[in-house]
Amino acid sequence: MATILIVEDEIPINELIKRSLQAVGHRCISVMDGKAALDEMDLVVLDIMLPEVDGYEVFRQIRGTPTIFLTAKGSLTDKVKGLTLDADDYLVKPFEMLELLEWGYNK
């Protein structure tokens with residue numbers, strides 16, 4: 001399984017994602033801000049609205065690392081922006097954990 005970096009500043013969501021991914025065998029690293037995310041990486045589950053450095057800037061700096069945006073920004077414009085930047089997927093909060101877990105099985 002993969003080592004997955006979770007970049008989410010809301011602790012309950014961060015922990016839920018981490019526990020769920022670990023339950024199916026992934027190794028997870030959790031960080032709470034964009035600056036810390038730049039030091040880690042395999043698959044990145046990345047929030048857009050982060051303190052210090054926003055998710056878009058983190059994504060620009062980690063080009064080439066598979067990334068799923070996980071965000072409350074759910075407008076069509078936001079989704080198009082994320083996918084146009086070449087994110088591998090764009091999930092909107094609230095999300096179904098199975099949707100995130102399925103992603104790993106189908107790639």
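Ser 20 touches Met 97 and Leu 101, leaving aside residues up to four places away in sequence; touching, or contact, here means heavy atoms within 4.5 Å. The model is a predicted one, in which local features need pLDDT of at least 70 and side-chain atom pairs count only at pLDDT 80 or more, while totals for chains, interfaces and linings use all residues. Residues are numbered from 1 along each chain as its sequence is written, and side-chain values use heavy atoms, with hydrogens and water left out.

Ser 20 sits in helix H1. With a relative accessible area of 16%, Ser 20 is buried (under 20% relative accessible area; exposed is over 50%, partly exposed in between, with a 1.4 Å probe and protein chains only). A polar atom of its side chain lies 3.0 Å from the backbone oxygen of Leu 16.

Turning to the sheet, five strands form an open arrangement in the order E2-E1-E3-E4-E5, with parallel pairing. Strands E2 (27-31) and E5 (89-92) stand at the edges with a single partner strand each, so one side of each has no neighbour in the sheet. From one strand to the next, the twist averages 20°. Strands are DSSP runs (E, at least two residues) and helices likewise (H or I, at least four), numbered from the N terminus; two strands pair if DSSP finds at least two bridges between them. Parallel strands E1 (residues 3-7) and E3 (residues 43-46) are joined by four bridges, and Ile 6 has Val 45 in E3 as its bridge partner.

Helix H1 (residues 11-23) lies across E1, E2 and strand E4 (67-71), at about 170° to E2. Angles run from 0 to 180 degrees between N-to-C directions, with axes fitted to C-alpha atoms, for helices over the stretch in contact. Helix H4 (residues 76-84) lies across E4 and E5, at about 150° to E5.

Methods:
A polar contact is a pair of N or O atoms within 3.5 Å; within protein, one must be able to donate a hydrogen and the other to accept it, and residues adjacent in sequence count only if both atoms are side-chain atoms.
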